[in-house]
Amino acid sequence: MNIAARIAPDSSVLVHPDRVRSSMYTDPAIFEVEMSRIFERTWVWVAHASEIAEPGDFKMAMVGLQPVIVVRDRKGAVHVHVNRCRHRAATVCEVANGKTNSFVCPYHGWSYALDGSLRGVPYEAGYAGAIDKRQFPLKSLRVEEYAGLIFASFKDDIEPLADFLGGAKKWIDLFMKQSAGFPLTTLGEHKFRFPGNWKIQLENTTDAYHFPLVHKSFLTATDKETGVLMDIMNNGGWVEDLGNGHSVMVMIPDLVDLEENLDAPIPEKFAALAAELARDHSVQEVRRIVRAVGGTGFNLNLFPNLGCSAAFFRVLRPISVDETEVRHVALGMKGGPQAANRARLRIHEFFQGPMGFGSPDDAEVWDRVQHGAQGGKDLWLMLNRGMAGEEMLPDGHRRSDVSAETGMRAAYQQWKLMMEQPA
Amino acid sequence: MNLSVVMTSTINLEEAKEFVSLEADLLDHACYEEWLALWAAGSRYIVPIDPATTEFEDALNYAFDDHEMRRKRAERLVNGQSISASPVARTVRLLSRFRLLETDGARCELRCAQLLTEHRRGRDRTYAANLSYRLVREAGTLKIDQKIVRLINSTEALGGISYIL
């Protein structure tokens, strides 16, 4: 018997405006309800359009705990199917990404078209007419796209993606400017796991407070200009609740809009790159590319699983109550200058990934959070930083200083709202 | 005839094995200054993600280090600022299955297997990798011109690796 699915935790006891219960990280029953009430009922990011650019291109992804395939059909439409044969459940795809004409189950050979329709059943006569192939397509999810970000949902009557993103759309548009006029493309990804709850990572994307301490070794190793830029506690940044659980943390106000201030001096750290670009590009193009190459000055946190973080996508995948996978997807300029894309790859490698100068330290403290949360289960996780200085903007969004825990409070209010839905 | 070529003997398997075993020993014993001195000018330490790629500069890697990046990586392991490297994981790495793919008096290509176990905070992890070395002889001494660590699980999710593979 599945007790967790029948008795939902009382979210009003777990989530207060300024604090949440430690069991949010440790209770398997809460995790199980989250997977159905949040991950199966909201828009979950599954791909960037460039990952499946051509007809037949596909990638595997996860929506909560459910394996899915994201695929572009022959007419260019994107589908997201549960990766499960309708016969006896075997996955029909175990290749991370590629190009195909169809998906064929390896067990008994049922074959599916890219749109999910069942095309072939070997030795069909054995069913003596009792199987109607139209009744057994791959189970498909709702799919919508905004600015190249592809989201899927198990909820058939979910609100339009554009409404769900709401106040975050403006920031997505700003984020996409870092391709400097070229189409944005993914350039590979770093993938690592940490033994901790997924919400620990969710919180971190708009947590400026940890940066100077946890990333001290990065700040020591990086160049002086980057060190000054990344002194984010003292740069006049802010955090804003964008509604629906989304939030943005502006770390470097000067780099919010990458198409502004194009006449500003080129930073010393990019002087060699600018000189190389100048061989093939006009002065204005060089300035635009160089300004974009380091990414934006903000982290946009989209509830529940995508971060548009400075220069990359942060994708989180819950595995169990105390295990989470994190992907850091590198981004570049499709058809853009090789030197600029190389610079972006090196910047990504420097901080991100299991051997980066930043990510392993994040993973270590998240591991420590999960371990510590086993103790003092009657204690609270405090999320009240920056509450006193919070202001209400004319559009109804809350805003506070850069190190305020406003983004986390926004995410937990959305969490509470979704967990309180009827089962 | 070029006299220097005549005087330089071909790098043989024993010599190459001895050299890369020294490198492994220095890393396991955290002798980073000596490790940094093993490298030739312009050399690269590379930990790729895509097992098939050879164009590392245009690909996303776990590490693509020139001398400056190696120095920073080593510094990070000793300066006490990185919480994931305080303390650094204890490691034991075994190199075996050595094969010289090419060799002459000036350089060689060596391939071998590495099994590495890390221990940190009560947890052991194992990483298996194919290592490809390009070794060069500079002023009579072997140096590393390129070291590529191809983890057999490089395309999977890894744990944090705050040490040098």
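The expected span of a helix is 1.5 Å times one less than its number of residues. Helices (H or I, at least four residues) and strands (E, at least two) are DSSP runs, numbered from the N terminus. This is a predicted model, in which local features need pLDDT of at least 70, side-chain atom pairs count only at pLDDT 80 or more, and totals for chains, interfaces and linings use all residues. Residues are numbered from 1 along each chain as its sequence is written, while chains are lettered from A and ligands numbered from 1 in the order in which they are written.

**Helix α15 of chain A**

Select residues 406-419 of chain A, which form helix α15. At 1.5 Å a residue, its 14 residues should span 20 Å, and the end C-alpha atoms are 20 Å apart, which agrees. Ten of the 14 residues of α15(A) are buried, so the helix is largely enclosed by the rest of the structure. Among them are A:Met408, A:Arg409, A:Tyr412, A:Trp415 and A:Met418.

**A three-stranded sheet**

Move to the open sheet of chain A, where three strands lie in the order β1-β2-β20 with antiparallel pairing. Two strands pair if DSSP finds at least two bridges between them. The edge strands, each pairing on one side only, are β1 (15-16) and β20 (380-382). Select β2 (residues 19-21) of chain A: three bridges join this strand to β20(A).

Eight residues of domain 1 are in contact with 15 residues of domain 2, contact requiring C-beta atoms, placed from the backbone, within 7 Å. On the domain 1 side, strand β3 (residues 44-48) of chain A gives the largest share, three residues. That side has four nonpolar, three polar and one charged residues. Here Ala, Val, Leu, Ile, Met, Phe, Trp, Tyr, Cys and Pro count as nonpolar, Asp, Glu, Lys and Arg as charged, and the others, Gly among them, as polar.

**Where chain B meets chain A**

Finally, display both chains: 24 residues of chain B are in contact with 28 residues of chain A. On the chain B side, β2 (61-65) and α4 (67-78) are the elements that give two or more residues. The largest share, four residues, comes from β2(B). The chain B side divides into eleven nonpolar, eight polar and five charged residues.

Terms used: Two residues are in contact if their C-beta atoms, placed from the backbone, lie within 7 Å. A residue is buried if 20 or more other C-beta atoms lie within 10 Å of its own, exposed if 12 or fewer, and partly exposed in between; C-beta atoms are placed from the backbone.
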